[in-house]
Amino acid sequence: MSIADNISRVRAEIEAACVRAGRTPDSVRLLAVSKFHPKESVEEAVAAGLYAFGENRVQESIQKFPDLLAQDSRIELHLIGSLQRNKVKQIVPYASCIQSVDRFELAEEIIKQRKKLLEAGCATLPAQLKLLFEVHTGEESKSGFTDENELRRTLEICSLASNTGITCSGFMTMAPNTTDESLIRKSFASLRCLSDRLRQEFPEAPLRELSMGMSGDFGIAIEEGSTMVRIGTAIFGQRNYD
Ligand SMILES: *Cc1c(COP(=O)(O)O)cnc(C)c1O
């Protein structure tokens with residue numbers, strides 16, 4: 001199966017899940033997770049009409065993406081993996097979305113580096129930087145906010161940075177890696193509930209995005225309200241971790 005065939009199949013499965021959930025197909029965005037796959041695979045996906053890509057490591061992102069971003073202004077890079085504070089300045093010039101904001105200090109650093117790069121007139125800096133706040137909702141995953149008050153404080157400082165082109169776009173989570181569908185569903189539903197509550201508390205922030213669902217569980221995620229699914233294996237095949 002080619003990457004283009006895989007994308008068609010995934011799109012059809014997304015549509016089917018939307019129909020089951022009584023949602024319109026354009027209410028779910030497809031993010032192609034290209035980690036551990038070469039630039040050529042990204043180019044194949046672009047040729048098949050996909051423009052939003054997720055990477056989980058800074059080093060790999062800045063090796064693969066600067067050329068791609070320069071070649072085609074429709075391409076977007078989303079960082080979806082845990083981000084160390086000292087790597088923030090390397091990724092901010094290229095990413096238009098950071099989905100793994102999982103602690104207050106990280107948000108502070110992102111805002112600081114975005115301001116610096118704006119002042120310096122960084123040529124590659126995307127016009128907007130969307131932030132998604134990663135929340136811990138399942139037993140097995142280690143990343144994500146666990147303290148709701150820290151999440152609130154983080155939302156506050158990020159909302160105040162809108163003059164730098166930063167938007168608080170929503171939330172991200174990873175469900176536990178289990179075959180127990182009820183646990184997966186519970187994890188997604190808990191993110192949706194949290195998001196509903198925080199949207200009321202922060203009416204000035206858009207917070208529309210719910211990034212949830214990967215190759216193995218995106219159907220359930222869509223039934224539970226996902227607005228963005230992050231799909232790697234089902235598009236690009238198995239990853240080689242050597
Ligand atoms: C790798 C990864 C994905 C994609 O996983 P697949 O199972 O290959 O679809 C999604 N989200 C995050 C945060 C990831 O690290």
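Modeller: In this predicted model, helices α2 and α3 form a right-handed crossing. The contact involves K39, V42 and E43 on the α2 side, and K64, F65, D67, L68 and Q71 on the α3 side. Sorted by class, four of these contact residues are charged, three are nonpolar and one is polar. Helix α2 covers residues 39–47 and helix α3 covers residues 58–71. Their axes come within 10 Å and cross at roughly 30°. Angles under 35 degrees count as roughly parallel, and α2 and α3 are therefore roughly parallel to each other.

Now the pockets. The largest pocket holds about 670 Å³ of space. Its lining is made up of 26 residues, and those nearest the centre of this pocket are K35, M174, A175, M214 and R239. The lining of the largest pocket divides into 10 nonpolar, nine polar and seven charged residues.

The second largest pocket has about 210 Å³ of space. Helix α1 (3–20) and strand β1 (29–33) each supply at least two residues of its lining, and α1 gives the most, with three. The residues lining the second largest pocket are R11, I14, E15, P25, V28, R29, L30, G49, L50, Y51 and A52. By class, seven of the residues in this lining are nonpolar, three are charged and one is polar.

Key
Residues numbered from 1 in each chain as written. Predicted model: local features only at pLDDT ≥ 70, side-chain atom pairs only at ≥ 80, totals over all residues. Heavy atoms only, no water. 1 Å grid on protein atoms, 1.4 Å probe; cavity = no way out; pocket = protein on both sides within 12 Å on 5 of 7 lines; lining within 4 Å. Points joined across faces, edges and corners; volume = space filled by probe spheres on them. Nonpolar A, V, L, I, M, F, W, Y, C, P; charged D, E, K, R; others polar. Helix = DSSP H or I, 4+ residues; strand = E, 2+ residues; numbered from the N terminus. Axes fitted to C-alpha atoms, helices over the stretch in contact; angles between N-to-C directions. Parallel < 35°, antiparallel > 145°, perpendicular 65-115°, else oblique. Left-handed = near helix turned anticlockwise from the far one by under 90°. Contact = heavy atoms within 4.5 Å.
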